[in-house]
Amino acid sequence: MAGNVSCDYCCYFTYDEDTEEYVCDVNMDEDDYGRLMQNHFKECPYFKDGDEYKVVRHQM
């Protein structure tokens with residue numbers, strides 16, 4: 001992944017028990033997938049931080 005964002009920290013990066021591997025589980029159409037694969041983005045536009053405690057640490 002280009003940029004400073006890693007899929008490992010994304011909330012859409014989930015474990016698929018059928019294939020026994022981690023996959024991106026974001027819901028996108030064929031056009032979005034095509035643009036993502038053609039590297040028109042510097043970073044993944046679907047990245048969402050999966051750290052549930054980020055807000056709590058910020059409030060402390």
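**Ground rules**

I'm working from a predicted model, where local features need pLDDT of at least 70, side-chain atom pairs count only at pLDDT 80 or more, and totals for chains, interfaces and linings use all residues. I count residues from 1 along each chain as its sequence is written, and side-chain values use heavy atoms, with hydrogens and water left out.

**The hairpin**

I noted that helices (H or I, at least four residues) and strands (E, at least two) are DSSP runs, numbered from the N terminus. Two strands pair if DSSP finds at least two bridges between them. E1 and E2 run antiparallel and are joined by four bridges. I then checked the loop between strand E1 (13-16) and strand E2 (21-24), and Glu20 lies there. The hairpin has four residues between the strands. Glu20 is not a glycine, yet I find a positive phi of about 55° for it.

Is Glu20 buried or exposed? My scale calls a residue buried under 20% relative accessible area, exposed over 50%, and partly exposed in between (1.4 Å probe, protein chains only). Glu20 comes out exposed, at 61%.

**Rings on the strands**

Next I searched for aromatic pairs and got two. Rings of Phe, Tyr and Trp (its six-membered ring) pair if their centres lie within 6.5 Å; planes under 30 degrees apart count as stacked, over 60 as edge-to-face and the rest as tilted. Phe13 and Tyr22 are stacked, because their ring centres sit 5.5 Å apart and their planes are at 20°. Tyr15 and Tyr22 make an edge-to-face pair, with centres 5.1 Å apart and planes at 65°. I wrote down that these ring pairs link Phe13, Tyr15 and Tyr22 into a cluster.

I also checked how open these residues are. Tyr22 is exposed, with a relative accessible area of 51%. Phe13 is partly exposed at 26%, and Tyr15 is partly exposed at 42%.

**Helix H1**

I moved on to helix H1 (residues 30-37) and looked at its start. There, a side-chain oxygen of Asp29 reaches to within 3.3 Å of the backbone nitrogen of Asp31. After H1 comes Asn39, and its phi is positive, near 60°.

How many salt bridges does the structure hold? I found one, taking a salt bridge as a side-chain nitrogen of Lys or Arg within 4 Å of a carboxyl oxygen of Asp or Glu. The side chains of Asp32 and Arg35 form it, at 2.5 Å from N to O. Both residues lie in H1, three residues apart, about one turn of the helix. Arg35 is partly exposed, with a relative accessible area of 36%.

**Cysteines**

Last, I looked for disulfides. A disulfide is a covalent bond between the sulfur atoms of two cysteines. My cut-off is a pair of cysteine sulfur atoms within 2.5 Å, and a search of the whole structure finds zero.

Note on methods. A polar contact is a pair of N or O atoms within 3.5 Å; within protein, one must be able to donate a hydrogen and the other to accept it, and residues adjacent in sequence count only if both atoms are side-chain atoms.
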